Amino acid sequence: MVYALLFFCLFVLFCFYVCLILISSFFLSDSSPLFTSCKLRRQFHLNEMHWPGDVILGGLFEVHYTSFFPELTFTSKPHKLSCQGFDPPGFRHAMTMAFAIDEINKNPNLLPNVTLGYSLYDNCATLVIGFSAALSLATGREEQFLLQDNCFGSPPVLGIVGDPFSTFSIATSDVIGLFRLPLVSYFATCSCLSDRQRFPSFFRTIPSDSFQVHAMIQILKRFGWTWAGLLVSDDDYGLHVAQSFQTELVQSGGGCLAYSEILPWGENQAEFRRIVEVMKKSTARVVIVFAHQIHMIQLMEEVRQFWEHTFKCRFAPPPAGWVEAGGALCTGEEDLETVETEFLDVSNLRPEYNIYKAVYALAYALNDMLQCEPGRGPFDRYSWASLQRLEPWQLMYYLEKVNFTTSFGDQVSFDKNGDALPIYDFMNWLWLPDGGTKVQNVGVVKKTTFSGEELTLDENKIFWNFDSNHLPRSVCSESCPPGTRMARKKGQPKCCFDCVPCSEGKFSNTTDSVECISCPEDFWSSTQHDHCIPKITEFLSYHEPLGICLTTASLLGTFICTVILGIFTCHRSTPVVRANNSELSFLLLVSLKLCFLCSLLFIGRPRLWTCQLRHAAFGISFVLCVSCILVKTMVVLAVFKSSKSGGGANLKWFGAMQQRGTVFVLTCVQAAICTVWIATASPVPHKNTQYHNDKIIYECVVGSTIGFALLLGYIGLLAVISFLLAFLARNLPDSFNEAKLITFSMLIFCAVWVAFVPAYINSPGKYADAVEIFAILFSSFGLLVALFVS
């Protein structure tokens, strides 16, 4: 804010000054012959260096880094702005420009017959001095000029190399841009300077902050650093780059900021000490700094480790015997300027090379401009530039189109925003075994017109200042392994999260998964929840113990029925067999055999045909069996009554044909029920997942509950009728004791099936089938034992 206000005041004063000159020139030249010239009312006393030439290039450098200046007024008394604190790197930068111009003048292939000169000024790292120097370069420093002058000729300078600071470049370009005077900076990186509407004549040979930010985020991603701190300088450069960095970091999803601090200007040790404490308390192990060298010096003065290494001393009480061995305690008053350290050595950085490229860019643009043939110029009416009449805006036109390759093999050109092809070196601060330090190049990131953006990094050359010399970890939360998902911690950045295991039936097979994915219908999550596995299929199998036991019981019952049927067949002509109604007995044994065999349809994986056949076979078999028992009971009662006087007429209704017909009709009713049931709502196999989420229970759904109820109800009705008839005949003489056995068998049968209904309803999956098989086998064995074995 102070810089902006100061710049606004200077700009207003400058405009007022220009208007005053123009108004004076207008009135005095026409009406007053007494005033024939204008005199400069304000003199800037600046540190400067000049070299004559046909064309002069200007330069702005930081040769001093502190300043003192009084109040600015347009009075006749000159004021001198004093600078203190010599800056060797800044002086080396100025000498780089002088060297480049001297090299160009010696090159016969570039600007032949034209000598370049320079006017270099010191900005003293102060806005007002840098702004004053820029105005001096743009307008000249003659104390007096004649109003009758036709103003023909070249301007004081045709282009300016500088200013190194973004804030100074913003202020200077706002005014210099009015003259269309090219300003080529070698160190101003603020992305705001790419605004061509506001800064039409600004160029730079150093990459914009936007590329610098992008390259930094690439490094964070390369090393997996998602948790970092951010330190920026308190100026346009720092504030703009902080905004760009945070925006792109969010858009790229590359990480989060643990903290963001602004480094103050001046000797504010309390603020630097506070920032260092923030860094120490943070869990972030990576710090991103966008600041100037002076900020880094002040910041390093507040760190224990850098100071102790540089001055070979310790702040904390040293181990026993350390002082005696030659060590010393740090006082905090040691002077960084008195020691040689790679931290203060910027010789391996790129400012000198950027200055070199800036001078050559202006020289190549001037060379292209002077090679234009008369009458074929690119300007209005095919006008062209000549050495006698050069205009800055003409040079700017050619500077936008310049494209050359330096002697080091680097391509130099400017895009539509005045930015050069970006290139950055990755430098690594190496601590040597002898205690010294060395800055080495470990990689490069650059953008070319042909291959786009290229990142090259030799990780084997990187030195990590840790005992293990391994890549440090800098994350707020460790990565969530497969099988878990990230759950953000409330009130903290998205990089701070908890790892929550996936719930049952869901999985995640990638690291840092945002959510868990549901497994397909027939699959379930593994124990680690990192993949899906087929669900366990469950049905009553022939291979499990329960299925084996039930199968054995079914075959045993079938075998017993077969044996008894064989015995009856062999002795069918004996009185015992004939007295037991051999035809119904044979039919009853066959039906019991079918009852035992139908239980096998309930074992094994359900298929459509087994689901349809199992209940039909079960229902028809048991109706056939109970029908035989019912007819047999009725025959016993008829025989008993016929043994009494006048009862012989009852037997004519229970002949062999009537017995067969009754059994057939009763069985056909059940067959009709089964046919209608299967035709309308057939039982079908079904994969049930309601009992267990991780299991698929294969079962047969009855399709129609009414059909299943009619099937069981019809069997029950016949069984009840048989039981009642047998119960009425229970007191018959011993010669008719078959009625007692039938009563007992029906009692067992009814008790089994009454207990079956609730047990079947409450049994899940294969156990429902087992209950039904058990009921079939128990009732079948009960009938077999009661009617034949006993």
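Predicted model: local features only at pLDDT ≥ 70, side-chain atom pairs only at ≥ 80, totals over all residues.
Is Arg-92 buried, partly exposed or exposed, and at what relative accessibility? That was my opening note for today, and the answer is that Arg-92 counts as partly exposed, because its relative accessibility is 32%.

**Entry 1: the whole protein**

I began with the overall figures. I found 19 helices and 29 strands in the secondary structure. Of the 790 residues, 46% are buried. I then looked at contacts with a separation of 6 or more, and 66% of them are between residues 24 or more positions apart. The accessible surface comes to about 40,300 Å², and carbon and sulfur atoms account for 60% of that area.

**Entry 2: salt bridges**

Next I turned to charged pairs. Side chains of opposite charge can pair when their charged atoms come close. My count for this model is 13 salt bridges.

I went back to Arg-92 and looked for its partner. The side chain of Arg-92 forms a salt bridge with that of Glu-352, at 3.0 Å from N to O. Arg-92 belongs to helix H2 (residues 88-105) and Glu-352 to helix H10 (residues 351-370), so this pair ties together parts 260 residues apart in sequence. Glu-352 counts as buried, because its relative accessibility is 14% and the cut-off for buried is under 20%.

Glu-271 is partly exposed at 22% relative accessibility, and Arg-274 is partly exposed at 35%.

Asp-769 counts as buried at 7% relative accessibility, and Arg-614 counts as buried at 1%. I also noted a network: salt bridges with shared partners join Glu-261, Glu-271 and Arg-274.

I wanted to know where Arg-204 sits, and I found it in strand S12 (residues 202-204). Is Arg-204 buried or exposed? It counts as buried, because its relative accessibility is 0%.

Which polar partners does the side chain of Arg-204 have? One is the backbone oxygen of Ala-188, reached at 3.1 Å. Another is the side chain of Ser-194, joined to that of Arg-204 by a polar contact of 2.8 Å. I then listed contacts, leaving aside neighbours within four places in sequence. Among the residues in contact with Arg-204 are Val-184, Ser-185, Thr-189, Cys-190, Ser-191 and Leu-193. The list also includes Phe-414, Gly-418, Asp-419 and Ala-420.

**Entry 3: rings**

How many aromatic pairs does the structure hold? I have 28 in my notes. I followed one of them, Phe-223 with Trp-464: the ring centres are 5.4 Å apart and the planes are at 90°, so I wrote this pair down as edge-to-face. Phe-223 is in helix H5 (residues 209-223), while Trp-464 is in the loop between strand S20 (452-457) and strand S21 (484-488), so the pair ties together parts 241 residues apart in sequence. Both Phe-223 and Trp-464 are buried.

Trp-464 also pairs with Trp-225, with ring centres 5.8 Å apart and planes at 85°, so this pair is edge-to-face too. Trp-225 lies in the loop between H5 and strand S13 (227-233), and Trp-464 in the loop between S20 and S21, so the parts tied together are 239 residues apart in sequence. Trp-225 is buried, as is Trp-464.

Elsewhere I marked a cluster in which ring pairs link Tyr-353, Tyr-356, Tyr-360, Tyr-364, Phe-404 and Phe-408.

**Entry 4: charges over rings**

Arg-196 lies over the face of Phe-203, 4.6 Å from the ring centre. Arg-605 has its charged end over the ring of Tyr-698, at 4.1 Å from the centre.

Methods. Residues numbered from 1 in each chain as written. Heavy atoms only, no water. Salt bridge = Lys/Arg side-chain N within 4 Å of Asp/Glu carboxyl O. Helix = DSSP H or I, 4+ residues; strand = E, 2+ residues; numbered from the N terminus. Buried < 20%, exposed > 50% of the residue type's maximum accessible area, 1.4 Å probe, protein only. Polar contact = N/O pair within 3.5 Å; in protein donor to acceptor, adjacent residues only side chain to side chain. Contact = heavy atoms within 4.5 Å. Areas by Shrake-Rupley, 256 points an atom, 1.4 Å probe, with all protein chains shown as cover. Phe/Tyr/Trp six-rings, centres within 6.5 Å; stacked < 30°, edge-to-face > 60°. Lys NZ or Arg CZ within 6 Å of the ring centre and 35° of its normal.
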